[in-house]
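Take a look at the model below. We will go through its rings, its sheets and its helix contacts in turn.

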Amino acid sequence: MVFEKKVQNYIREQQLVEAGDRLLIACSGGIDSMGLLHYFIHVRADFKIELYVAHVDHMLRGEVSYKDRLFVEQFCKEHNIPIFSVSIPIPELHEREGGNLQALCRRERYAYFAQVMEENRINKLATAHHADDQLETMLMAFVRAGSIHGLKGISAKREFTYGSIIRPFLMVTKSEIREYLEGKGGNYREDSSNAKDDYTRNRFRHHIIPLLKKENEQVAIHAARLAEELQQDNEYLMEEAKNKFPLVVERVGEKFVLNINEFEKEPVALQRRIILILLNYLYGNTKVQSSLISSKILELCKSQDGNEMIHLPKQYIANRSYNKIAFFQTSDADEESFIKPIELGEWNDLKGFCLYIGELSKGMIVQTEGAKTYYFNSELVSLPFKIRNRKEGDRIHLKGMREPKRLSRLFIDEKIPLIERDTWPILVDGNDGILAVLGVRVNKLFSEMKRIDDNMYMIVKK
C-alpha cells in the first residue's frame, strides 16, 4: 500500500496519467517491467485507463530470450491484456551495420513501440525506469562529459510519436519494486546479460553504485530528486533563453546571424542555452556533441580576431566577422569540391597544418624541429598530390595491417573530436589514394627512416 501510494502521488504530481489514456507497457519480463505491469493492473480502474503490453525479443540470447517472450505473452493472456510482441534479428542487423549494440537494440525497440502506438491509437508508453536507473544515468553522463544537460538524467515525461513516454517509477528504487512484486506473488524472468560487465551501465551498477549505497542507502532517491530539480531549473532558464533568442539571433534567409555584443550582455547560463536553441534550429533531431560545439562557439565569440571561421558537423560553418557570427550550411557539392592542390618544393598552409613535399637529393637527411618527416618512393604513388576532406568509405593502408583501415574508425581510435572529423585535411595522390591523415597517421608507403629507394620526403608541421 505504501509503494502504490508513493507511485500514485508521483504520477499525479507529474501529471503522467489522465482518465481515458490508452497506456502501452514496455515489458521485457524482467523484475522492473513486471512490477510496473502488476501496478497498473491493480490501479487501472482507479485511473480509468486501458492497458496494452509490448514486448521485443532482440534474439541475442537464442531460446532463452524467446522464452522471455512466451512468458510475457502467457501472462497477458491470463490477465486478458492485449499483447503486441515481435522478434527482431539484432545480431544480423549489428553484423550489417556495426556500431553500438545497445544503441541498436534501443533504436529498434522504440521503433516497434512507435509503430504499435500509431497503428492502435495508443497515446502513452510507460517504461519501468526507476531511481537506481536515474543514478546510473547521471553518473555515466558526468563521466562522459560533465555537462548540465547530462546531469538532468531521465525525465518523467517526454513527447514520443504522437503521444508521450512516461516513467511512473522514477521516485522508487529497484529494491522497493522487488519487494512490491514479491508481495504480489508476481513472477519475472532474469536476463543473464545483466550479470556481465560488458556494458558501461552494468559496470556502474555492479561496482560504483554499491559503494555509494554503503555511504548512504538513499543515494538513488537523492539522485532522482536532484534530477527533478535540475530539470525544473533548466525548464525555467530555457524559457528565458527562448525569450532572449530573437533579440540575439536573427534569421537572414538560410543563415542564422548571432550578434556578439547583444549575446555577451546575457548571463553565461543563458548564453549556453541560446546556443542550444540555435543548434536545435541547425540540426533538429540529429545527434551532435552539443556541449563541445557550444564551447567552440563561445570561444569564437571571445576571439580577438576580427575575422575567423570554424567548421561544425554536417557541413555547417560558423563565420565570425567582427561583432557577428553567421551560421550556414555548405552543400554537398561545396564540401566535395574542397580540393587544394599541393605545390611541390614549397610550404602549403592547410587547416592548421603546414605541409612540405620535396625531392630528396642523394645522401640527404632531413631534420626539422617541431615537425614530423617521412620518406617515400615517388614511383609507388601518382601525381598530382591534393588535400581534400574525408568521404564516406575512405580507408588508409597502415603499416602492419593486412587490410586498409576505415577513416571513421581511425578518427575514433585516435580520439579526434567529432566536430573536427569532416574537415580534417586528407592527403591523396592522383588516383585519390589516401597517403596521410595529416598529423594523425600515414600510409604504409611512408617511413620515418630513409630507405634505399626513397627519393622524396614529406614534412608535416602542426
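How many aromatic pairs does the count come to? The answer is 16 aromatic pairs. The rule pairs rings of Phe, Tyr and Trp (its six-membered ring) if their centres lie within 6.5 Å; planes under 30 degrees apart count as stacked, over 60 as edge-to-face and the rest as tilted. One aromatic cluster is formed by Phe 3, Tyr 39, Phe 40, Phe 169 and Tyr 180.

This is a predicted model, where local features need pLDDT of at least 70 and side-chain atom pairs count only at pLDDT 80 or more, while totals for chains, interfaces and linings use all residues. Residues are numbered from 1 along each chain as its sequence is written, and side-chain values use heavy atoms, with hydrogens and water left out.

Rings also meet charges here. A charge sits over a ring if NZ of Lys or CZ of Arg is within 6 Å of the ring centre and within 35 degrees of the ring normal. Arg 106 lies over the face of Tyr 110, at 4.3 Å from the ring centre. The charged end of Lys 255 is placed over the ring of Phe 328, 5.0 Å from its centre.

Now the sheets. Strands (E, at least two residues) and helices (H or I, at least four) are DSSP runs, numbered from the N terminus. Two strands pair if DSSP finds at least two bridges between them. Six strands make an open sheet in the order S3-S2-S1-S4-S6-S5, with mixed pairing. Its edge strands are S3 (83-87) and S5 (157-160), each pairing on one side only. Within this sheet, S1 (residues 22-26) and S4 (residues 124-126) run parallel, joined by three bridges. Leu 24 stands opposite Leu 125 in S4.

S9 (residues 307-312) and S10 (residues 316-321) are antiparallel and share six bridges. Glu 308 stands opposite Arg 320 in S10, and Leu 312 has Tyr 316 as its bridge partner. The two strands form a hairpin with three residues between them, and Lys 314 in the turn has a positive phi of about 60°. S10 then joins S11 (residues 324-329) by six bridges, again antiparallel. Here Ala 318 partners Phe 327, and Arg 320 stands opposite Ile 325. This hairpin has two residues between its strands; Tyr 322 in the turn has a positive phi of about 60°.

Finally, a helix pair. H6 (residues 131-144) and H9 (residues 200-215) have axes that come within 10 Å and cross at roughly 105°. That makes H6 roughly perpendicular to H9; angles of 65 to 115 degrees count as such, under 35 as roughly parallel, over 145 as roughly antiparallel and the rest as oblique. Contact means heavy atoms within 4.5 Å. Among the residues that meet are Leu 135, Leu 139 and Met 140 in H6, and Phe 204, Ile 208 and Leu 212 in H9. The contact divides into eight nonpolar, two polar and six charged residues. Ala, Val, Leu, Ile, Met, Phe, Trp, Tyr, Cys and Pro count as nonpolar, Asp, Glu, Lys and Arg as charged, and the others, Gly among them, as polar.

Methods. Axes are lines fitted to C-alpha atoms, for helices over the stretch in contact, and angles run from 0 to 180 degrees between N-to-C directions.
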